[in-house]
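Please look through the structure below before reading on.

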Amino acid sequence: MSPLVTVERLKRRADFLSVAAARRKYVTPGFVLQAHRREQISSAGPARVGFTATRKIGNAVIRNRARRRLKAAADEVMPGAAAAGFDYVVIARAGTIARPYAALVADMQTAVSALAPKANVAK
RNA sequence: CCAGACGGCCGGAUGACCGCGCUUCGUCGCAAGACGGGGUGAGGAAAGUCCGGGCUCCACGGAAACGAGGGUGCCGGGUAACGCCCGGCGGGGGCGACCCCAGGGACAGUGCAACAGAAAGCAAACCGCCAUCGGGCUUCGGCCCGGCGGUAAGGGUGAAAGGGUGCGGUAAGAGCGCACCGCGCCCCCGGUAACGGGGGUGGCAUGGCAAACCCCACCCGGAGCAAGACCAAAUAGGGGCGGCACGCCGGCUUUCGGGCCGGCACGCUGGUUUCCGGGCCGCCGCCCGGGUCGGUCGCGCGAGACGCCCGGUAACGGGCGUCCUAGAGGAAUGGUCAUCCUCCGCCCGCAAGGGCGGGGACAGAACCCGGCUUACAGGCCGUCUGGCAUU
RNA sequence: UGGGGCGUCGCCAAGCGGUAAGGCAGCGGAUUUUGAUUCCGCCAUCCGGAGGUUCGAAUCCUCCCGCCCCAG
């Protein structure tokens with residue numbers, strides 16, 4: 001797998017929108033992962049991860065807990081799996097709360113590798 | 001023991017490992033930062049945003065008042081203030097403890113009341129009842145028809161029909177008279193007051209709805225921490241200063257520095273060169289202020305928390321002592337597990353109890369405070385009421 | 001943070017103090033050889049929920065619930 005990649009946090013609304021516009025996603029019972037390569041000079045640079053929890057999945061307590069669990073899973077997986085120069089958005093689903101944490105981590109692993117750049121062939 | 005009423009309180013506990021926000025210390029490093037240690041870290045509703053304030057800016061200004069709009073509405077008190085709280089009063093409900101009530105004004109005015117009903121607001125005669133007049137009939141008791149009048153006691157309609165019940169009275173009736181109750185007015189007494197009690201008097205007039213318009217009394221300037229204050233990058237543009245540059249010919253103009261127009265030449269740019277066409281034009285450096293991204297402050301010592309004492313029926317107030325207790329900004333508490341507590345289900349056991357499995361609510365500070373409202377597993381404490389049993 | 005709007009039958013909706021129009025859909029019937037069309041009839045009383053005012057509330061008042069929109 002890739003060497004350790006520094007992971008930063010995605011914060012701006014515009015960044016979230018551009019990731020969503022890329023239309024690359026992977027759905028698991030616990031969350032939806034979106035990925036998008038930044039238009040950047042070089043392919044280097046940190047990977048960035050953002051989190052989304054909508055009002056549809058519950059009240060403030062539910063949304064916060066869902067985001068925290070996803071954040072914990074991402075902190076565990078992303079440094080070893082994420083591709084440099086990519087932006088990721090993790091969207092919480094109704095199943096985020098009930099899903100066991102180990103399964104969440106495994107899902108994160110497969111989701112990230114499924115969205116990995118195809119050997120950097122497609123530029 | 002059962003059923004119930006009211007008030008107050010808690011909101012799982014302890015620990016291990018890997019992580020999180022803020023803060024502090026140490027080591028390393030030129031620095032950015034890295035590593036390690038310590039401290040601290042959500043609620044009774046943090047929620048809904050329904051009221052009241054603090055704070056900040058804006059507007060107006062002697063304080064304010066009037067008007068518009070909105071709100072509040074028995075009385076007294078508490079409070080920074082309130083639509084909140086406490087204590088009373090009145091009305092309603094409950095055997096009771098106790099609970100509920102937007103509870104000013106309907107002789108200032110305007111309005112509303114479907115359907116039903118004779119009539120719904122200066123009252124009114126449909127059926128009845130009564131008296132009387134005329135006519136007819138008669139078994140001489142009366143009956144029928146019509147006219148004029150009396151009558152709100154009866155029937156019927158309605159949510160509501162102009163006091164209620166009883167006795168007297170009358171042709172039948174009627175506050176027509178009387179007693180009691182209700183109501184209005186006056187006086188006295190108690191109470192700060194709302195109001196209560198008593199007496200007298202009137203003879204029923206003044207029906208209901210103001211969560212209909214409205215009237216009266218009182219209260220409210222507007223916006224909101226994305227308030228507001230400060231620092232301030234890159235780029236573009238504005239202003240100022242300095243340096244360099246500002247060709248040739250002709251015309252016009254001049255404040256004699258220069259400026260404008262035309263032609264030629266030159267630089268950059270587009271089309272393949274020649275050549276042609278369009279466009280751009282002072283350049284550089286320094287400084288100044290405005291404003292955007294971003295950053296910092298505002299930002300937690302406060303109508304503060306806890307304890308004791310005093311005043312007050314209480315809400316609450318006063319005094320003394322102790323304490324400092326979240327502060328983020330895509331927003332901090334997550335993951336795994338153990339023991340205990342507690343609830344549910346199943347199993348074992350006469351029982352005490354034990355085993356296995358599952359669950360522990362509502363919900364997350366976003367400037368702060370006082371209320372209200374709403375959500376909430378389970379549990380604890382106190383006071384009181386009505387039963388049953390025992391003494 | 002501030003402001004605005006809407007909840008009425010399965011769907012779209014009128015009504016804003018006097019006892020819930022209308023259309024579509026559905027169901028039953030008639031017409032027709034059958035179907036379509038057409039016609040007739042049926043279909044909310046718990047008007048988002050709970051209290052209150054009134055003789056009477058979908059309508060007025062208070063408090064909740066849900067949804068949508070706007071400004072910064």
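**The sheet and a helix beside it**

Strands β4 and β5 run parallel to each other and are joined by five bridges. In this pairing, Thr 52 lies opposite Ile 91 in β5. The model shown here is a predicted one. β4 also has parallel bridges to β1, three of them, and here Val 7 faces Ala 47 in β4. Five of the six residues of β4 are buried, so the strand is mostly covered.

Val 27 has Val 32 in β3 as its bridge partner.

How do the elements follow one another along the chain? From the N terminus, chain A runs β-α-β-β-β-α-β-α, which gives three helices and five strands.

Now turn to α2. At its start, a side-chain oxygen of Asn 59 comes to within 3.1 Å of the backbone nitrogen of Val 61. Helix α2 covers residues 60-81, and its 22 residues should span 32 Å at 1.5 Å a residue. The C-alpha atoms at its ends are 30 Å apart, which agrees with that expectation. The helix has a kink of about 35 degrees at Asp 75, shortly before the proline Pro 79.

Which residues of α2 are buried? They are Ala 66, Arg 69, Leu 70, Ala 73, Ala 74, Val 77, Met 78 and Ala 81. An α-helix has 3.6 residues a turn, so residues three or four places apart point the same way. The cover over the buried residues of α2 includes β1 (7-9), β3 (31-37), β4 (47-52), β5 (86-92) and α3 (101-114).

Two values describe the chain as a whole. Chain A has 123 residues, of which 37% count as buried. Among its contacts with a separation of 6 or more, 82% are between residues 24 or more positions apart.

Definitions and conventions
Residues are numbered from 1 along each chain as its sequence is written. Chains are lettered from A and ligands numbered from 1 in the order in which they are written. This is a predicted model: local features need pLDDT of at least 70, side-chain atom pairs count only at pLDDT 80 or more; totals for chains, interfaces and linings use all residues. Side-chain values use heavy atoms; hydrogens and water are left out. Helices (H or I, at least four residues) and strands (E, at least two) are DSSP runs, numbered from the N terminus. The expected span of a helix is 1.5 Å times one less than its number of residues. The bend at a residue is the angle between axes fitted to the seven residues ending there and the seven starting there. Buried means under 20% relative accessible area, exposed over 50%, partly exposed in between (1.4 Å probe, protein chains only). Contact means heavy atoms within 4.5 Å. A polar contact is a pair of N or O atoms within 3.5 Å; within protein, one must be able to donate a hydrogen and the other to accept it, and residues adjacent in sequence count only if both atoms are side-chain atoms. Two strands pair if DSSP finds at least two bridges between them.
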